[in-house]
Amino acid sequence: MSESKNKTGIKTKRDVVAAEKKTATAVKKAAAVVKKRIKNAAAGVSAQEKTADKTAAAKAVKVSKADLKRPEYFFNRELSWLKFNLRVLREAEVKTTPILERLKFIAITSSNLDEFFMVRVAGLWDQYENGVTSKDPSGLTVREQLRMISQAAHEQMKLESKILTDVLEDLKKAGGPEIKTIEECSDEGKEWLENYYQEVVYPVLTPMAVDASRPFPFLGNKTLNLAVQLITVDGEESMSVVQVPSLLPRLIEIPVEEKRTFIYLEELITIHCKYLFRGCQILDVVPFRLTRDSDLDVDEDDIEDLLREIEKSLRQRKRGAARRLEIAKTGNNSIKKFLEDNLDLTDEEIYEISGPLDATCFFKFVSLDKMWPWLHEPFVPQRPKDLPEYDNLFDRLKEKDILLFHPYESFDPVVKFVSDAANDPKVLAIKQTLYRVSGNSPIVAALARAAENGKQVTVLVELKARFDEENNIIWARRLEKAGAHVIYGLVGLKTHAKIILVVRQEPDGIKRYVHLGTGNYNDSTAKLYTDMGLMTANDQFGSDASAFFNLLSGYSKAPVWNKLVMAPIGLREKIYELVDNEIRIVKEGGEGHIIAKMNSLLDQPVIQKLYEASMAGVEIELIVRGICTLRPGLEGISDNITVRSIVGRQLEHSRIFWFANNGDEQLFMSSADWMPRNLNDRVELFFPVETEEHIKRIKSILQLYLEDNVGAHMMQSNGNYRRVVAGKGKEISSQSLLYEQAQLAAAENMEKIPMEQRLRPAPRQEDEE
């Protein structure tokens, strides 16, 4: 919002915040009460509760059982996410991690914060400006959330700058490349930079004056800019803006220096500003960066062509309202006020940074040539344990189900599954969901080839996959051009399920083959994210897969499923059923036990159900990488629940759910986290793993996560996380051990293969464009 009035009648966001500062004493007192309540909730059990007698405690538990919606039983979603990002940032402090891997964690933290402000914080501001007064499950209003987010984010970005300085200093001490100031460069280096500026940089720069005839320019999302304060040739003080070109390397390597040396592009432009403003006196130059509201607003009920509407919204995204200003720390209040006024920002949305802005530039830096001495040895995905040979997947699947565990095991079998189906004359149809795919996807190429080969190809492309919309539009058009039937899912729902169905004509009739996964069909992220997949020729899975695609592409009613459970139709109820079963077992004298691994846990009714189970005596071990609004360790409520987060070199992305079931173990995998959006607003799949050896294997993997004392952090009852340390015991890194296990299994499989076949490399499907 900039010029239009909101429901309060106040013209701008800055006016709203200014008005808040002038509120009556009664409002201040109310805020103090809220602050005290939040502080008490964050601190765990209050001092009064700690000293209360047993009768009072028992009474409190009774009340809690009757009302599990009490705000003090929940953490705020956004603050929980910031704690997750802080855990990622803290990995950059671990001295035993290779230095450039530590730098990667800083870049990841910075990138995560960008998206957080572009989507989550922007969404809260939209709510506030539209007069939303409701509270979240933790009891916070929208305005209270924004204040607390600002405070936590300021602290986090300040810490990020400090850690970045330390890491770069450690890199220098270790004999690695250095990032210097221009003043620190040799005379030869300075001369080289002068030529580089004149020949490469200067021609693409455009100074943009701001005065009565030239308004403040529009600056794109996540662009790095320079605010220039100067005295014009007419002797008047003025302001100008220079955009730092994003197409040029942010970190410029100086080839003539004795040691590998880099400087920041913005510094080079700063010291040469005199060439852009000839005849003017430069008073000050300050780098700054904007983060804008980038969430799409698409009304699916009122459009005829979803693809065109998404394209239109993508253009609008670039012009969203400013939601964060990062500015190099400066004592120049004139420049700060100039930006604040022109961007309609409040003090709490301005972040002064000591050090370079936008640490995402280090993604490219660490990937430059000759950086390997300061990086991890790369994981090399192994032949899957269930696939010692890749020759004929269809024959293999008729023998047994195949379990895949990425990135420790290769993603190639999934690519091969689609590619072989595209080439196989016996295959009649291929149906698949696509949420996020790589920029040069071999799976999409195989699907296009299948359509060109005359097969019935149906692909559900989710156009609303955030920040992948443009990429998905390109793939959708390519598939349509090849002759595939492309559908965009159900109105009002994102399709997040991961499933492939191959229909094949065989001598004894039609046979269906299915792949189900916890992660995207993206061959690039499959090397970074831990995900699991199940491939099966089970007829009941095949029947369910056909029904699933018919439901998405036609007018079919939801079937009575054999194996699959689908959201938003039935998954929530299935979760309740499974948890209630563990409660029943405990009440009948048995032992209830649940292990659940996911990315995020914040669905309030599901959390209440877990509280019920804990109160009944069910042991619940949660492995939640990111957001968790459940509060563990509350006496009488959640003291049977533990929450741990694994942060390591791989992104923990798999969703796995194990229920003891009185000894008859039940194990499920899913595309869905336990979040409202997954259970209510997305098409998701939840499916059983029924092969005994697979259940045993996955259970051992979960147990390894629970024993991790290298990358694990335990959540405390106050919402903070404490790193698990080995102490005097053996260090257990679940990710390292899982890779070692994959290597060992691949070696054992290799021994079983005849020598003439063993020399043949595992096939990789590199489909031509």
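**Notes on the predicted model**

1. Ser238 lies in strand β4, which covers residues 237-243; here helices (H or I, at least four residues) and strands (E, at least two) are DSSP runs, numbered from the N terminus. Ser238 has a relative accessible area of 16% and is therefore buried, where buried means under 20% relative accessible area, exposed over 50%, and partly exposed in between, with a 1.4 Å probe and protein chains only. Once its neighbours within four places in sequence are set aside, Ser238 is in contact with Val210, Val228, Gln229, Leu230 and Thr232, contact meaning heavy atoms within 4.5 Å.

2. On the source of these values, this is a predicted model in which local features need pLDDT of at least 70 and side-chain atom pairs count only at pLDDT 80 or more, whereas totals for chains, interfaces and linings use all residues. Residues are numbered from 1 along each chain as its sequence is written, and side-chain values use heavy atoms, with hydrogens and water left out.

3. For the protein as a whole, the secondary structure comes to 24 helices and 27 strands. Of its 769 residues, 56% count as buried. Among the contacts in the protein with a separation of 6 or more, 74% are accounted for by residues 24 or more positions apart.

4. The loop between β2 (207-210) and β3 (224-231) holds Pro215, and Lys222 is found in the loop between β2 and β3 as well. Pro215 counts as exposed because its relative accessibility is 66%, while Lys222, at 39%, counts as partly exposed. Not counting residues up to four places away in sequence, Pro215 touches Ala209 and Val210.

5. Lys222 is a residue other than glycine with a positive phi, near 65°. Lys370 has a positive phi of about 65° although it is not a glycine; Lys370 sits in the loop between α13 (362-366) and α14 (393-399) and, at 67% relative accessibility, counts as exposed.

6. The bond from His406 to Pro407 is cis, with omega near 5°, and Pro407 lies in the loop between β10 (402-406) and α15 (412-423). A cis peptide bond also joins Ala567 and Pro568, with omega about 5°, and Pro568 is found in the loop between β18 (565-567) and α19 (571-587).

7. How do the axes of α5 and α7 cross? The axes of helix α5 (residues 77-90) and α7 come within 10 Å and cross at roughly 5°, where axes are lines fitted to C-alpha atoms, for helices over the stretch in contact, and angles run from 0 to 180 degrees between N-to-C directions. The two helices are therefore roughly parallel to each other, since angles under 35 degrees count as roughly parallel, over 145 as roughly antiparallel, 65 to 115 as roughly perpendicular and the rest as oblique. Residues of α5, including Leu79, Leu82 and Leu86, meet residues of α7, among them Met148, Ile149 and Ile163. By class, this contact has ten nonpolar, three polar and three charged residues; Ala, Val, Leu, Ile, Met, Phe, Trp, Tyr, Cys and Pro count as nonpolar, Asp, Glu, Lys and Arg as charged, and the others, Gly among them, as polar.

8. There are five cavities of 30 Å³ or more, a cavity being a set of points on a 1 Å grid over the protein atoms alone where a 1.4 Å probe fits but cannot get out. The largest cavity holds about 140 Å³ of space, a volume being the space filled by probe spheres set on the points, which are joined across faces, edges and corners. It is lined by 15 residues, of which Ser110, Met157, Glu160, Glu326 and Asp358 lie nearest its centre; lining residues have an atom within 4 Å of a point. The largest share of this lining, four residues, comes from α7, and the lining of the largest cavity divides into seven nonpolar, two polar and six charged residues.

Notes. 1 Å grid on protein atoms, 1.4 Å probe; cavity = no way out; pocket = protein on both sides within 12 Å on 5 of 7 lines; lining within 4 Å.
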